[in-house]
Amino acid sequence: MKSYRTIRTALKALRRNPMRALLTTLGIVIGVAAVIAMMEIGAGSSAAVQKSISSMGANVVLVMPGTATSSGISFGSGSVMTLTPDDGEAILKECPAVRTAAPAVRSRTQVVYGNRNWVPSSMYGTTPAFLDVRDWTVVDGESFTERDVLNGNKVCLIGQTLVRELFEGTSPVGKEIRVKNVAFRIVGVLGSKGANMMGMDQDDILLAPWTTIKYRVTGSSLQTANQSAAAAASSTVNTLSNLYPGGQPGLYPLQSEVQAADTPMPVRFTNIDQILVAARSAPEIPAAIDQMTDLLHERHHIRPGESDDFTIRDMTEMSNTLSSTTRLMTNLLLCVAMISLVVGGVGIMNIMLVSVTERTREIGLRMSVGARARDILRQFLVEAVVLCLVGGAVGILLGHGGSTLVRILLHWPVQTSPTAIAASVIVSAAVGILFGYYPAWKASRLDPIEALRYE
Amino acid sequence: MEFIELHDIYKTYYIGDISVPVLKGVSMTVARGEMVALMGASGSGKSTLMNILGCLDRSTSGQYWLDGEEVSKLSADQRAMVRNRKLGFVFQNFNLLPRTSALENVAMPLTYTSDLSDREARRHAREVLVRVGLEDRLDHEPSQLSGGQQQRVAIARALVNHPPLLFADEPTGNLDSHTSEEILRMFVQLNETDGITIIMVTHDAEVARHARRIIHIHDGAIVNGAAAEPGGPVS
């Protein structure tokens with residue numbers, strides 16, 4: 001008996017009682033629809049949660065310069081200046097797991113506008129990629145550009161806290177503020193991020209091209225310059241050169257003699273304080289770290305066995321929590337899926353058993369005209385599988401429609417999950433075979449004589 | 001060797017420890033092209049004999065030769081094949097598939113023989129239905145047909161595989177006398193013009209009268225008519 005004939009026979013048999021077929025498959029329809037809808041909504045919210053966590057920096061990896069050690073005394077992270085902007089570009093170019101990288105120069109100094117002043121808790125000299133790494137948006141005005149970075153233009157972006165403190169809520173775009181007596185034009189305002197996980201105000205920030213901060217504001221990195229201290233140390237107050245510092249600082253910052261003696265590795269000429277790197281996704285962070293480590297070893301000529309002149313840090317704990325939460329959620333949904341599909345399968349088995357009893361005469365007749373036991377088995381098995389597959393297909397459509405409705409009406413994030421669809425098809429076929437086998441086997445075991453006489 | 005030969009067939013049912021002998025050494029022959037009526041009171045074993053002849057059941061002991069093949073030795077699947085190729089059944093209660101057109105009912109046995117395409121199978125089924133006089137009822141479902149028409153659909157279904165042997169189990173039991181006469185005439189016609197061997201089980205002497213030979217069975221043994229008549233019609 002050819003298989004397409006079996007399928008057609010099964011379809012004809014199902015069409016003889018469409019209401020029953022509908023009710024039988026309803027369990028599978030509802031089960032699969034629930035699974036698909038939940039998987040899609042679940043995947044959507046999981047992606048949304050992941051996105052919001054990664055906006056706080058879950059995907060961010062920090063590359064810091066290494067530690068200077070002298071006679072067993074460590075000077076702590078960042079005490080040698082080994083990272084260059086070229087390292088940042090090389091990381092971006094040669095590490096496939098890295099999405100973007102931004103060099104950063106830190107500073108902390110006073111910002112003045114009119115008669116108000118403020119010391120932002122973080123002041124970064126960086127590139128526009130910084131916004132991408134931190135997943136930050138400019139809500140007013142626009143970001144500074146790569147050209148600004150190349151030219152060392154005196155432009156900056158400020159966070160919401162600065163807007164509040166210096167401008168009392170009026171739009172600051174286009175206004176000039178002075179940072180350590182250097183006038184910066186504000187080109188944009190950053191969106192609000194609130195406090196980070198450690199409770200620090202993330203909006204208390206000023207971003208400018210790193211060249212500007214490095215060469216015009218701090219002169220060298222890692223000097224925690226305090227305006228008043230700097231002013232006190234300075235012998236000339238309010239000179240023209242301070243107001244408009246056109247002169248570049250020395251291209252070759254000199255190491256102190258102690259530093260030169262202690263660190264055999266040369267200090268790079270234009271060093272930066274850190275490189276912020278965004279991995280493509282949370283699971284790719286370890287790969288990104290490995291790739292960056294290899295690359296920096298090569299670039300910094302560090303032989304195996306030598307200690308690194310840089311450190312790489314990530315937010316492993318946070319991404320671990322994230323992935324375990326996601327896993328828990330997925331497993332939970334899977335359990336619900338299994339239960340509802342098993343319930344649907346029991347429904348199928350129930351009705352198939354009734355159907356076998358009711359169609360005993362038909363089975364007897366088919367046997368008397370030459371159907372073998374395995375033909376009967378196949379017919380009923382195919383009926384169950386067809387029911388399950390059709391139910392599964394309808395369930396997929398319903399579930400997808402339901403989740404689309406949720407997305408449109410409730411604006412929940414929803415993500416179509418091809419895995420869930422494929423799994424539903426396979427599972428409903430499996431349920432059909434599993435729960436259809438017993439009734440079909442029972443049908444095939446019937447004695448044709450008794451089946452023909454059955455009333 | 002005759003078309004059908006039964007040698008010393010015994011059939012015993014076992015209900016728990018009690019053995020119930022139903023057939024006690026039945027031997028008979030049927031020639032090709034005969035029309036035989038199998039008569040007996042209820043409980044005489046005629047249905048059991050019919051089931052064994054129809055390859056639906058196996059005898060406890062004895063030999064059954066059908067068309068030169070020893071059927072009593074065949075497995076269940078092989079017997080299914082014999083039923084499909086060589087036998088046609090007509091039942092008292094028609095046994096048509098409900099909510100299925102006459103055409104599809106008739107074409108049903110062909111789904112178990114793989115050598116016909118769907119189109120051929122439908123053409124075949126239509127031809128047989130035309131032969132039993134139902135050319136205008138092809139798409140009717142059993143519930144839309146009269147008893148006589150339903151039995152004619154059943155006969156068409158039995159004939160669709162062109163079997164040389166047709167079994168009719170009380171074929172007129174559910175029909176009025178007028179339709180019974182029609183159906184019986186159809187059997188006679190099939191037997192005479194097509195040379196199909198027909199074995200008819202009945203308890204009605206009026207029905208059995210249409211047969212060329214009557215085998216009486218009583219209490220599990222054949223009383224008379226066991227041997228094929230010499231000079232009977234052979235085609």
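Trainee: Which scores does the predictor give the complex?
Mentor: The predictor assigns the complex an ipTM of 0.92 and a pTM of 0.67.

Trainee: And what does chain B average in pLDDT?
Mentor: The average for chain B is a pLDDT of 90, and 97% of the residues score at least 70.

Trainee: Which elements of chain B have the lowest and the highest mean pLDDT?
Mentor: Strand E10 (residues 221-224) of chain B has the lowest, at 89, while strand E7 (residues 165-169) of chain B has the highest, at 94.

Trainee: Where does pLDDT stay under 50 in chain B?
Mentor: That applies to residues 231-235 of chain B, for which the model has eleven contacts beyond four places in sequence. Where pLDDT is low, predicted coordinates should not be read in detail.

Trainee: Turning to the fold, in what order do the four strands of the open sheet in chain B come?
Mentor: The order is E2-E1-E4-E5, with antiparallel pairing. Strand E2 (18-30) and strand E5 (69-70) of chain B are the edge strands, each pairing on one side only.

Trainee: How many bridges join E4(B) and E5(B)?
Mentor: Strand E4 (residues 61-66) of chain B pairs with E5(B) over two bridges. B:Trp65 has B:Glu70 in E5(B) as its bridge partner.

Trainee: Which strands does helix H1 of chain B lie across?
Mentor: Helix H1 (residues 46-53) of chain B lies across strand E1 (4-15), E2 and E4 of chain B, and runs at about 60° to E2(B).

Trainee: How many residues does the contact take from each chain?
Mentor: The contact takes 21 residues from chain B and 20 residues from chain A. On the side of chain B that touches chain A, helix H2 (residues 76-86) of chain B supplies the largest share, six residues.

Trainee: How do the residues on that side of chain B divide?
Mentor: On the side of chain B that touches chain A, eleven are nonpolar, six polar and four charged.

Key. Residues numbered from 1 in each chain as written. Chains lettered and ligands numbered in written order. Predicted model: local features only at pLDDT ≥ 70, side-chain atom pairs only at ≥ 80, totals over all residues. Pairing = 2+ DSSP bridges. Contact = placed C-beta atoms within 7 Å. Axes fitted to C-alpha atoms, helices over the stretch in contact; angles between N-to-C directions. pLDDT = per-residue confidence, 0-100. Nonpolar A, V, L, I, M, F, W, Y, C, P; charged D, E, K, R; others polar.
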